[in-house]
Amino acid sequence: MKLTFLGATGTVTGSKYLLESSGKRIMIDCGLFQGKKELRLRNWAELPVDPALIDAILLTHAHLDHCGYIPRLIKNGFKGPIYCSAATADLCGIILPDSGHIQEEDAAQANKHEWSKHKPALPLYTEQEAREALKQLMPIKFGKAYGIGDLSFTLSRAGHILGAAFIRIEDGDGTSILFSGDLGRPRDPVMKPPAQAQKADYIVVESTYGDRLHNTEDPSEDLERIITKTAARGGTLIIPAFAVGRAQAILYYLHLLRQEERIPDAIPIYLDSPMAIDATELLHRHMSDHRLPKDLCRAVCSVAEYTRTVEESKRLDDNHNNMPRIIISASGMATGGRVLHHLKHYIGDARNTILLAGFQAEGTRGDRLARGEKEIKIHGYMCPVKAQIVRMDSLSAHADYSEILDWLGHFRAPPRKVFVVHGEPDSAISLCGKIEDKLGWNATVPTYLQQEEL
Ligand SMILES: [Zn+2]
């Protein structure tokens, strides 16, 4: 087998790997580059392989940095099936059209304000093209082996978000490689723990939190403290959240806090993201993919008031009587979406709190806020940051380095090599060192477009 790293090297975005074996070419994940401009430009660069010659895509999960390039690959000639779990297929149905819509809006804005040197600026793909792309999705079962040529592959549950999988692929000679995708946490309130893999000759492992440990404190205590303090000031709590994954975990904790009367019932909670609302409703459809029993699932999903329309969303910023409220809205790194309107409205008032609940990729607005920048640009305006900025990694959907090492530690035999990907450079290098020191395995941090014979 030959493996080429087409993304997620030195960055958490753009996950994309090409595996070639006996005349077959498969792509594992097909993610969008996000964040810094030099990364985003890669979404426009030609791939080193003609998309028409790729036989299939295997998808670990439905986050944009793993699936968001699919419509573009299809636009460039890819015609094959896209294998993924049933929940991943459902989530792609929400996430990809939304991504196409955002691409179109961004291009329209760029044309209106003449931001782009390209005339006219074009979307990477349109909402309609994203909808067309969904037809190539091929839902498959967890734990069952499927074949492409002499390759066989199996999905196993990775926790993380609904439908997330790690994928083990074996060639005709019995050589195997395992792609971790994004690994969830052993004790997440909503998601099941990652399944345990036992054997692979090669492992491609994520390192989002490769240099960090999550706070072990109960997230509900942090959340309770933040909400109580903000409400006492008469302030509003804004939570930029990944529509799929973190939004649901936050709803779970808010339900818990209300039920245990640890926060006043009177504080209204809004989930202001049509995509997050749809994703939350998918919990009911995929009961075996998460931990919540039916009644609890219903209770968690109904803790917030859902605002679907733009008018409803705008009304949330119309807070004349200064009543405390909680607004959960996407995007999670404040790179776009409705949360920007709320930030613009609430960030200049010291009574309010902005809670950053997920990973903030370098260069994103969320990252700038986390670093304590005093001014932030939103929709072309510089907004002074007066609100409290709080970071809470304990709500993360990613395993930290000790949880990743634990998961790796359960393999029955050392692999020949581990490739550490999907991390900012410091995280990837740090995890690589720990794998060598603690497990005594051969590990490396691959670079963009690097090729390996397996
Ligand atoms: Zn993910």
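Which residue stands opposite Glu305 in S14? The residue opposite Glu305 is Tyr270. This is a predicted model, in which local features need pLDDT of at least 70 and side-chain atom pairs count only at pLDDT 80 or more, while totals for chains, interfaces and linings use all residues. Residues are numbered from 1 along each chain as its sequence is written, and side-chain values use heavy atoms, with hydrogens and water left out. Helices (H or I, at least four residues) and strands (E, at least two) are DSSP runs, numbered from the N terminus.

**The six-stranded sheet**

- Six strands form an open sheet with parallel pairing, in the order S14-S13-S15-S12-S16-S19 (two strands pair if DSSP finds at least two bridges between them).
- Its edges are strand S14 (305–306) and strand S19 (388–391); each has a single partner strand, so one side of each is left without a neighbour in the sheet.
- Helix H6 (residues 219–232) packs on this sheet and touches strands S12 (237–240), S15 (326–329), S16 (353–356) and S19, where contact means heavy atoms within 4.5 Å.
- The direction of H6 makes about 165° with that of S16; axes are lines fitted to C-alpha atoms, for helices over the stretch in contact, and angles run from 0 to 180 degrees between N-to-C directions.
- Strand S13 (residues 269–272) pairs with S14 in the parallel sense over two bridges.

**The seven-stranded sheet**

- A second open sheet has seven strands with mixed pairing, in the order S6-S5-S4-S3-S2-S1-S22.
- Strand S6 (137–140) and strand S22 (451–453) stand at its edges, each with a single partner strand, so one side of each lacks a neighbour in the sheet.
- On average, neighbouring strands here are turned by 25° against each other, direction ignored.
- Strand S4 (residues 56–58) and strand S5 (residues 82–85) run parallel, joined by two bridges, and Leu58 stands opposite Tyr83 in S5.

**Helix H4**

- H4 (residues 86–113) has 28 residues and reaches 41 Å from its first C-alpha to its last, close to the expected 40 Å (1.5 Å times one less than its number of residues).
- H4 bends by about 30° at Cys92, the bend being the angle between axes fitted to the seven residues ending there and the seven starting there.
- H4 lies across S5 and S6, running at about 110° to S5.
- Glu114, which follows H4, has a positive phi near 55°.
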